[in-house]
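Me: Could you take me through one part of this structure up close, the place where the ligands sit? I am new to this, so please go step by step.

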Amino acid sequence: MSAPTMNTAGQTLLEVDSLTMRFGGLTAINNLSLNVPGGKITSIIGPNGAGKTTFFNCLTGFYKPTTGSVRMHHPEHGPLALEQMPSYHVARKAGVVRTFQNIRLFPNMTVLENLIVAQHNALQHASRFSLAGLFGRAGYKQAREAALTKAEMWLTRLKLLDIADLAAGNLSYGTQRRIEIARALCVDPLLLCLDEPAAGLNPRESAELNELLLYLSREHHKGILLIEHDMNVVMRVSDHICVLNFGNKIAEGTPEQIQNDPNVIKAYLGEDEADEKEAA
Ligand SMILES: Nc1ncnc2c1ncn2[C@@H]1O[C@H](COP(=O)(O)OP(=O)(O)OP(=O)(O)O)[C@@H](O)[C@H]1O
Ligand SMILES: [Mg+2]
């Protein structure tokens, strides 16, 4: 069974305070502060190399930030310092689960198997990490059934049940992106971090992604942090947008505010073109 959805809508879930990440002489993120609420869609946008993926890597334990802190205000486990946690704790304990910019499914496994593997932690615990546990324990059998039930539930909700037994690697790019989201949902995230989920999608798939993101935030109260270049997605679904450029936050606000922000227009178009646009 799925863990009951905790409704944290509107409360600050993630509190990023003065986060800086340097690689040698390069500052990929510079003194970033940001609050991310539960149950809402917060987008991180910015030109290539702005520091967006690095931000996710700092949240999810892949990189240790040079300075600053990232607190997850978990309703059950209290404030958790993500920058000090290993990545498996970030996902399982803090409820911060991500997808990657490049698809990372197991291509030779079926769609269903990919979703079961995502729950290996619960299964391992139920087996008590022993072969005897795998074969003998009622607890393991129950955990396996619960993993199957949860996988089936998300496959149904994300309209993937018909292809559950097909090898993931043979499916279209758009479908694989959807499977990645289903797999992340099997870990019961409070905050779902998606790195360019619309990359490579056709217009129909991108419209379906919009629907899916709104459904997850509105019906399932998932907080969503979305890195995305596709403005048809960002402007239609975001409650709040944060714009990065060369590691600096240059703007923050509603889609309407961001679309009209001169600093954002300059970052995307370059100074000269932005001036021409203004003069026209
Ligand atoms: N492990 C690393 N070592 C050195 N430099 C890195 C590392 N990871 C990222 N960078 C650099 O940090 C900067 C930000 O990269 P990042 O991948 O976060 O950008 P991004 O905003 O996600 O870009 P894109 O839209 O192209 O995905 C880039 O200049 C990149 O080369
Ligand atoms: Mg990136």
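Reply: Happy to! Let us start with a definition: donors are N, O and S atoms within 2.8 Å of the metal, and water is not among the atoms, so sites may look incomplete. Please keep in mind that this is a predicted model.

With that in hand, look at the magnesium ion, ligand 2: its protein donors are OG1 of T53 and OE1 of Q101, at 2.0 to 2.3 Å. T53 belongs to helix 1, while Q101 sits in the loop between strand 6 (96–98) and helix 3 (111–117), so the pair ties together parts that are 48 residues apart in sequence.

Now turn to ligand 1. Around ligand 1 there are 15 residues, and those that come nearest are G49, K52, T54, Q101 and H229. K52 places a polar side-chain atom 2.7 Å from an oxygen atom of ligand 1. For T54, a polar side-chain atom is 2.6 Å from an oxygen atom of ligand 1. On the side chain of Y63, an N or O atom lies 3.0 Å from a nitrogen atom of ligand 1. On its own, ligand 1 has 640 Å² of accessible area, and the protein covers 65% of that.

Which elements supply this shell? Strand 2 (26–37) and helix 1 (52–59) are the elements that give two or more residues to the shell, and helix 1 provides the largest share, 3 residues. Sorted by class, the shell holds 6 nonpolar, 7 polar and 2 charged residues.

How values were computed. Residues numbered from 1 in each chain as written. Chains lettered and ligands numbered in written order. Predicted model: local features only at pLDDT ≥ 70, side-chain atom pairs only at ≥ 80, totals over all residues. Heavy atoms only, no water. Near = heavy atom within 4 Å. Polar contact = N/O pair within 3.5 Å; in protein donor to acceptor, adjacent residues only side chain to side chain. Areas by Shrake-Rupley, 256 points an atom, 1.4 Å probe, with all protein chains shown as cover. Helix = DSSP H or I, 4+ residues; strand = E, 2+ residues; numbered from the N terminus. Nonpolar A, V, L, I, M, F, W, Y, C, P; charged D, E, K, R; others polar. Donors = N, O, S within 2.8 Å, 3.2 Å for Na, K, Ca; no water.
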